[in-house]
Each structure stands twice: as C-alpha cells, then as structure tokens.
2 protein chains.
Amino acid sequence: MDELLEASGPEHWRTPAPEDLLYMKLDAGRVVIELAPGFAPEHADNLRTLAREGYWDGLSIYRSHDNFVVQWGDPTEAQDARKPIGGARAQLPAEFARGGGELAFHPLADADGWAAEVGFVGGFPAARDPATGEAWLAHCYGMVGAGRDMAADSSNGTELYAVIGQSPRQLDRNITLVGRVLQGMELLSALPRGSGPLGFYEDPARRTPIRSVRLAAELPAAERIPLQVLRTDTALFDELVESRRNRGDEWYKRPAGHIDLCNVPLPVREADHPPAPEDAGDRASGSGGPEDDTVEAQRG
Amino acid sequence: MDELLEASGPEHWRTPAPEDLLYMKLDAGRVVIELAPGFAPEHADNLRTLAREGYWDGLSIYRSHDNFVVQWGDPTEAQDARKPIGGARAQLPAEFARGGGELAFHPLADADGWAAEVGFVGGFPAARDPATGEAWLAHCYGMVGAGRDMAADSSNGTELYAVIGQSPRQLDRNITLVGRVLQGMELLSALPRGSGPLGFYEDPARRTPIRSVRLAAELPAAERIPLQVLRTDTALFDELVESRRNRGDEWYKRPAGHIDLCNVPLPVREADHPPAPEDAGDRASGSGGPEDDTVEAQRG
C-alpha cells in the first residue's frame with residue numbers, strides 16, 4: 001500500500017470543500033469530519049448552520065459505548081431545558097438513502113452479506129440496490145451519523161455519533177449518516193467507556209468537553225488544514241484494494257482473496273506535508289481500516 | 001435480547017474451566033481472557049506455563065493501534081536482552097486451524113465473504129471449510145492472538161494481541177488465535193493510541209504496566225470470578241441471533257435480514273450476581289458485538 005501511495009499523483013487525490021469540513025476542538029486535539037452532502041444534503045446544511053452559530057461549543061461527548069459508538073451534543077434530558085438551536089431547523093427529513101442512480105457508484109467486486117452491492121461514492125463507503133439504483137452510506141469505522149428518536153425523521157444533526165467498533169451495518173438505512181472522520185479518530189475511539197447503560201457516563205464530570213466546532217469555510221485560509229483524501233474512483237485505488245485483498249508480502253501465508261467494505265483503507269494526507277512512505281499508513285489512520293495489519297511478535 | 005437472556009436457564013450457560021482463564025491485572029482493573037485449547041492446545045499450554053511462572057508480571061501493553069490491535073509482552077528489541085521464558089517452550093507449531101471435523105461446529109446461516117462457512121465452536125466465533133471440515137477461529141472484536149515474526153511457527157505466546165477494531169479477518173489462518181476477552185475489554189480498547197508507526201508508543205512511559213497475569217486455576221477458589229458464558233450451541237442462542245438479525249423493536253425501520261459473524265453478541269455474566277435484564281447488555285459488553293445498537297438522539 002505504501003508503494004502505491006508513493007506512486008500516486010495529484011490526480012489520485014481530492015480536496016474536500018471547506019464547506020464540507022467540520023473541525024471539532026477537544027482539549028486533546030482536533031477531530032476533522034467530512035460531510036457527505038451527496039447523501040444527506042439537508043442534514044449537511046443544518047450541521048453547517050449549527051457550526052456557524054457555535055451550537056456545540058461548550059457541549060460534550062457524553063457517551064462512549066465499547067465496540068459501538070461515541071456520541072456528542074447536549075445530554076440534557078428535558079426537551080425544554082436544551083440548548084437553543086438558533087437558526088438551525090428543528091425538523092429534517094430522514095436521509096437514509098438516495099434514489100435511483102443519481103450518485104456515481106464505484107463498486108467493490110467483493111460479496112457483502114448486508115447489501116446486494118457495496119462500493120464507494122465520492123470517497124465514502126456505501127451500498128447499493130442494483131435493482132433500483134438506490135444507494136446509501138455504510139456504517140464503517142469512523143463514519144458519523146445523526147442520532148434520532150423513535151421517528152425516522154427525528155434527527156436534526158444536533159446529536160452526532162461516530163462508529164468506534166465492529167461495523168454496525170444493521171444501522172444502514174435506519175438512521176442518517178452525515179459523514180466520516182478524516183483526522184483525529186483516535187481522540188474519539190480511545191475515550192474511556194461510560195459505565196452506565198449504553199455507555200453513557202454516569203458521572204457528568206467524565207464527559208469530554210467540546211471547546212468548539214467550526215466549519216472550515218468560516219476560518220481564515222491560513223487556519224484551514226490542507227487535507228486531501230485518496231479518490232475511490234481511480235485505477236490506483238482499485239490496485240490498492242487488490243493489494244489488501246491479496247497480500248503479496250511475505251508475512252501473509254494465505255491471501256484472503258476477499259476484502260470487506262469496512263476493511264478498505266481510505267487514506268488521508270496533508271497536502272503541505274506529503275507523508276514519507278513509512279508514515280503513510282500512520283497518517284492514514286483516521287479511519288477506514290487497519291493500515292499495517294500484521295502482528296509481529298515484537299517491535300524489532 | 002434482554003428478554004431471551006432473562007428466559008435462559010442454567011443449561012444455556014457454560015462455566016469456563018479455571019485452567020482456561022487468565023486474569024490480567026492492570027492498574028485500571030482486570031482483564032479476563034478465556035483460552036481456546038480446542039483450537040490452539042500447544043499455545044494454551046504454553047500460556048498456562050507463562051502465567052504460572054509470572055512471565056508477564058512487570059511487562060507492559062506497548063502497542064495500541066487504532067482500529068486494529070493492542071499488544072503486550074516484552075517490548076525489548078534485542079532477542080538476548082528479553083525476559084527469560086522459564087519453563088515455557090521457545091518454539092511452538094503454528095496452530096492456525098484444526099483438521100477435519102474434530103470440533104463441534106454450530107453454523108451461522110448467514111453468508112460470509114471471508115470463508116465458505118462461519119459459526120461457533122464452544123462459544124468462540126469460527127469459520128470452516130465444508131469441503132475438508134477444517135475449522136479456525138475468526139478475528140472478531142475481543143479475540144486474542146499470539147504475535148509472530150515472519151515464520152508461521154514463530155509465535156510462542158509471550159507476545160499477545162487483542163482485536164480492538166473492525167474485524168481484521170485477513171489474519172484468519174495467518175496467525176494463531178488463542179482465546180477471547182470475556183471481561184475488561186474496555187480496559188484494552190480505550191487505551192490511548194500509540195503515536196509511533198503501527199501504534200507503538202514512542203515514549204516508554206506511556207506503556208500500560210501489567211501488574212500480573214494469573215491462571216484462575218492457580219488461585220484460591222474464593223478469588224476466582226464465577227464467570228459464565230452463553231452457550232452457542234442451543235436453540236436459545238439461535239433465537240438470540242435471529243433477534244439481532246431481524247430486529248423486532250420499533251426503533252428499527254428496516255430489519256437487516258443478515259448478521260455478520262463478528263456482530264453476534266456472546267454474553268458473559270457473573271454466576272453469583274445474575275444481571276438484572278436492564279444490565280444484561282452492559283454486563284455482556286466484554287466483546288462480540290454491540291449490545292444495544294440503537295443511537296437515540298438523547299439520553300431520555
């Protein structure tokens with residue numbers, strides 16, 4: 001994989017629009033989330049409004065459920081005691097899937113148990129019903145969604161979650177996914193687990209404060225991080241997938257001959273500081289899959 | 001799922017043998033690992049020897065690789081400077097799979113991309129080749145394996161790892177799995193990620209000390225934890241799987257009609273303190289799958 005990334009040219013990378021990037025500032029560092037307006041345009045728009053108006057500033061990550069999700073927003077139970085949402089919309093439609101063929105779908109050849117077809121749309125892991133052309137985002141590690149109540153259309157983007165465990169694909173088409181963590185995933189995935197039911201923190205003092213969430217487009221250019229994401233619709237990407245489907249390195253004794261959608265790495269880099277090959281895996285560790293998946297007996 | 005667990009009788013649970021349980025003591029708490037001698041008898045035997053002789057006492061967890069594994073043992077690079085392994089064997093055979101039909105295999109009906117057939121053997125997630133009857137353990141969340149070098153038979157159990165991310169099934173039949181974390185998984189999965197390549201800690205001070213690893217059989221009966229694990233070869237277990245494959249609860253708008261091997265929960269309880277139904281999911285959070293997999297917008 002490192003060799004392929006090293007051989008990549010600018011045409012193999014895309015630069016997410018600043019309107020699609022959220023920077024979440026925690027005391028431990030910054031989490032960068034790329035929105036997926038192609039799948040959830042109304043949620044994306046509401047999230048932009050919420051970020052512009054500083055909705056999440058001073059709120060917290062209040063749930064860390066082992067092998068499932070971390071969740072953030074306003075933990076206040078009483079509806080009328082919650083933080084006002086300003087100019088954001090209180091009600092949005094469910095955006096579980098996109099209709100027939102409107103999105104360019106780059107299929108993965110591998111079988112999937114959850115959907116008739118899986119692949120990638122604009123850099124995001126997705127699934128598709130070939131009969132209808134309907135496509136939807138897939139709950140892989142690092143994906144971000146909008147929590148909801150019982151009604152399908154009860155999410156408005158104020159409460160968000162990120163997947164930190166085995167892909168809970170049963171949530172696909174049951175809840176609106178809004179994007180993916182590009183950077184800082186380890187700041188979410190390594191949070192101490194909540195000891196209450198469903199991973200909620202019983203002691204509010206254990207919540208992680210959110211200092212701010214900003215839309216990159218609102219920041220001066222100098223403060224934006226020049227992130228680039230590997231395109232998922234190129235021959236180089238297909239080669240990368242194949243290199244993971246059938247490992248050529250000596251450590252692997254038996255190539256798998258298969259890869260799961262959620263095991264496909266989706267590398268991210270900073271344009272100003274192209275990673276050295278040695279670093280590439282590590283740089284790309286935001287989400288998407290293990291970067292170096294051998295388990296050597298010791299460091300040497 | 002809670003209702004099914006509540007309806008379960010003693011016949012639906014098994015009590016792992018004290019000879020198959022390792023207690024790993026960290027400052028933050030205790031991790032309990034069940035060995036799988038049915039699959040890796042020689043590794044299990046070596047692990048028992050290493051535990052009896054206190055091999056891991058004073059060593060550390062020295063790797064935490066986001067969405068992949070944590071790893072522990074002796075991080076010393078120079079072979080001749082490593083901690084002596086006492087009466088344990090320095091060399092073991094690779095135990096990647098078990099031959100034709102010697103293990104009772106309880107199949108899962110669901111398709112799997114990595115193997116022709118998946119299911120459970122004695123409570124562990126596993127896969128099988130129906131043509132040969134060969135069976136092997138699967139790299140699901142919480143599974144524990146023995147790190148190795150380039151040679152297939154270069155693991156001796158001194159360096160262990162636990163899966164903390166999306167199931168890296170490409171490792172199946174490439175490395176020896178030795179067991180599963182039954183309790184305390186969150187003490188491993190929430191460790192800060194290492195900032196060095198492959199998640200190794202660059203600063204040794206960030207490693208997590210291992211105070212001791214003991215075999216339950218070596219402890220006085222009063223110090224043993226009366227853990228029970230749900231059997232995976234009963235009709236009740238099949239019902240539990242079906243309740244997760246096709247959710248009946250109102251929150252889910254579209255039942256998945258499928259479950260992945262690594263999404264099947266494998267509940268664990270303490271016999272002396274049967275969990276209240278409300279707690280059952282949480283108690284069972286050792287590994288195996290999300291316990292309550294809805295993402296409600298807020299706590300209420």
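## Disulfides

A search of the whole structure finds two disulfides over all chains. A disulfide here is a pair of cysteine sulfur atoms within 2.5 Å. This is a predicted model: local features need pLDDT of at least 70, side-chain atom pairs count only at pLDDT 80 or more, and totals for chains, interfaces and linings use all residues. Residues are numbered from 1 along each chain as its sequence is written, chains are lettered from A and ligands numbered from 1 in the order in which they are written, and side-chain values use heavy atoms, with hydrogens and water left out.

In chain A, the disulfide joins A:Cys140 to A:Cys262, with the sulfur atoms 2.0 Å apart. A:Cys140 sits in the loop between β9 (135-137) and β10, and A:Cys262 in the loop between α4 (235-245) and β16 (268-270), so the bond ties together parts of chain A that are 122 residues apart in sequence. Helices (H or I, at least four residues) and strands (E, at least two) are DSSP runs, numbered from the N terminus. The angle about the S-S bond is -70°, and the link of A:Cys140 and A:Cys262 is left-handed. A:Cys140 is buried, at 3% relative accessibility. A:Cys262 is buried too, at 1%. Buried means under 20% relative accessible area, exposed means over 50%, and partly exposed lies in between (1.4 Å probe, protein chains only).

## The disulfide of chain B

B:Cys140 is joined to B:Cys262, S to S 2.0 Å. This pair links distant parts of chain B, 122 residues apart. B:Cys140 is in the loop between β9 (135-137) and β10 (143-146), and B:Cys262 is in the loop between α4 (235-245) and β16 (268-270). The link of B:Cys140 and B:Cys262 is left-handed, with -75° about the S-S bond. B:Cys140 has a relative accessible area of 3% and is buried. B:Cys262 is buried at 1%.

## Surroundings of A:Ser155

A:Ser155 lies in the loop between β10 (143-146) and β11 (160-163) of chain A. A:Ser155 is buried, with a relative accessible area of 1%. Its side chain makes a polar contact with the side chain of A:His43, at 2.8 Å. A polar contact is a pair of N or O atoms within 3.5 Å; within protein, one must be able to donate a hydrogen and the other to accept it, and residues adjacent in sequence count only if both atoms are side-chain atoms.

Leave aside the neighbours within four places in sequence. A:Ser155 is then in contact with A:His43, A:Leu92, A:Ala146, A:Gly147, A:Arg148 and A:Thr176. Contact means heavy atoms within 4.5 Å.

## The interface of chains A and B

Chain A and chain B bury about 6700 Å² between them, and 51% of that is on carbon and sulfur atoms. Buried area is the accessible area (1.4 Å probe) that two parts lose on being put together, summed over both. The contact takes 75 residues from chain A and 75 residues from chain B. There are 23 residue pairs in polar contact between the chains, both at pLDDT 80 or more.

On the side of chain A that touches chain B, the elements that give two or more residues are β4 (60-64) and α3 (185-189). The largest share, three residues, comes from α3(A). By class, this side of chain A has 29 nonpolar, 23 polar and 23 charged residues. Ala, Val, Leu, Ile, Met, Phe, Trp, Tyr, Cys and Pro count as nonpolar, Asp, Glu, Lys and Arg as charged, and the others, Gly among them, as polar.

## Helix packing and chain ends

In α4(B), the residues B:Leu236, B:Phe237, B:Leu240, B:Val241, B:Arg244 and B:Arg245 are buried. The buried residues of α4(B) pack against α1 (2-6), β6 (106-107), β7 (117-121) and β15 (227-230) of chain B.

In chain A, A:Asp2 lies in helix α1 (residues 2-6). A:Asp2 is partly exposed, at 29% relative accessible area. A:Asp2 and A:Leu240 are 238 residues apart in sequence and 9.2 Å apart in space, C-alpha to C-alpha.

## Positive phi angles

A:Arg173 has a phi near 65°, a positive value in a residue other than glycine. A:Arg173 is in the loop between β11 and β12 (176-183) of chain A and is buried, at 16% relative accessibility.

In chain B, phi of B:Asn67 is near 60°, again positive in a residue other than glycine. B:Asn67 is in the loop between β4 (60-64) and β5 (69-73). At 1% relative accessibility, B:Asn67 is buried.
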